[in-house]
Amino acid sequence: MSAYKPTVAIIGINGAIGVHALNAFLSPTFSSLFTLPIRIVTRDPSKIKANVPAITDDNVKFYSANIATGEGLATAFEGVDVIVNLLGTEVPHTAVIEAAAAAKPKLYIPSEFGTDIPASGPYLNLFKVKTDVVDLARSKGLKTVSIITSAFSEWFLTVPAFAGVNFPEPGQFQYYGDDSVEIDVTSLVDVGNVIASVASKDPDTLPDDIRVASDVVSPRKISDAYTAATGQKLTDVALPLEEIVVPARNIAREGPKSGNDFLVGLRGVLYDHYLVSSHEHNEFVSNGLFEFTSFTEVAKHVLGKN
């Protein structure tokens with residue numbers, strides 16, 4: 001067994017990934033691989049406490065800080081080996097990166113989870129805010145490892161305007177182009193496990209980019225999984241591919257001006273066959289510790305039939 005048991009600080013815990021990441025860190029699978037307590041930087045511990053019953057005074061310590069100014073981050077990050085950033089792109093990251101660089105951790109995991117940006121072709125500029133913060137972290141000398149997960153499985157089933165399930169009306173499924181186009185997905189539970197696994201490893205063994213995916217789906221597989229989980233068949237609303245590609249590529253070229261612009265751009269990435277990854281690090285991160293979750297299993301869980 002490795003003697004390396006890093007001390008970890010997590011910021012942005014109340015976002016979409018936070019619960020799943022902390023559940024993984026505190027699980028029997030991973031908790032023994034870290035020096036506890038896990039440090040959580042948040043101004044509101046109540047939400048994460050309500051959602052992660054495993055939290056105790058021994059395994060988690062909370063720190064308050066101002067992410068915009070950096071006040072309080074030096075204390076939270078002092079002596080840590082790994083900093084995990086789960087903040088959304090709508091908030092500034094500069095002060096966090098500056099504080100992380102000053103703390104000199106062995107590993108910095110940026111809020112990169114999602115599209116394989118270098119492989120996103122005409123949509124590259126859509127993600128400029130993410131690439132800018134990763135470039136900044138690396139320019140500060142931080143060992144920065146991006147975790148590329150493609151789309152979150154759960155969002156296909158619970159965010160109608162994203163992938164088209166129950167959109168534009170309940171019971172309908174809007175998609176663009178070929179219903180067999182392949183789309184990589186990773187469940188949020190698996191994202192949490194991947195983060196914990198990467199954080200536990202000797203940073204010298206880690207590449208700059210970790211590419212994983214739980215499953216490969218298509219519009220047809222998404223619809224079939226929904227029917228299998230609910231017993232209800234969705235009515236297809238199939239639109240020509242160019243109806244999403246043209247506006248999405250325009251938005252990417254000019255840069256998104258709003259949240260809706262970004263959503264349109266993401267639909268372009270999805271149906272234009274750019275939401276793909278090599279999955280080359282699946283075995284490296286799972287390593288007998290956990291198994292990736294199929295989309296069918298996620299649908300059964302999310303839609304209420306376990």
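**Strand 4 and its neighbours**

In this predicted model, strand 1 (residues 8-11) pairs with strand 4 in the parallel sense, over 4 bridges. Within this pairing, Ile-10 is found opposite Val-84 of strand 4. Strand 4 is also joined to strand 5 (residues 107-109) by 3 bridges, and these two strands likewise run parallel. Here Ile-83 stands opposite Tyr-108 in strand 5.

The side chains of strand 4 (residues 82-85) can be followed in turn. Val-82 and Val-84 point one way from the strand, while Ile-83 and Asn-85 point the other way. Residues on either side, Asn-85 included, are buried, that is, under 20% relative accessible area.

The UniProt record, an unreviewed entry, lists residues 5-245 as "domain: NmrA-like".

The protein chain comprises 13 helices and 12 strands. Its radius of gyration is 19 Å, close to the 19 Å that the globule rule gives for 306 residues, so the chain is as compact as a globular protein of that length. The C-alpha atoms occupy a box of roughly 55 × 45 × 35 Å along the principal axes. Of the 306 residues, 51% count as buried. Among contacts with a separation of 6 or more, 78% are between residues 24 or more positions apart. The accessible surface of the protein chain is about 13100 Å², and carbon and sulfur atoms contribute 52% of this area.

Note on methods: Residues numbered from 1 in each chain as written. Predicted model: local features only at pLDDT ≥ 70, side-chain atom pairs only at ≥ 80, totals over all residues. Heavy atoms only, no water. Buried < 20%, exposed > 50% of the residue type's maximum accessible area, 1.4 Å probe, protein only. Pairing = 2+ DSSP bridges. UniProt positions renumbered as here; feature names shortened; annotations may be inferred. Rg over C-alpha atoms; globule rule 2.2 N^0.38 Å. Contact = heavy atoms within 4.5 Å. Areas by Shrake-Rupley, 256 points an atom, 1.4 Å probe, with all protein chains shown as cover.
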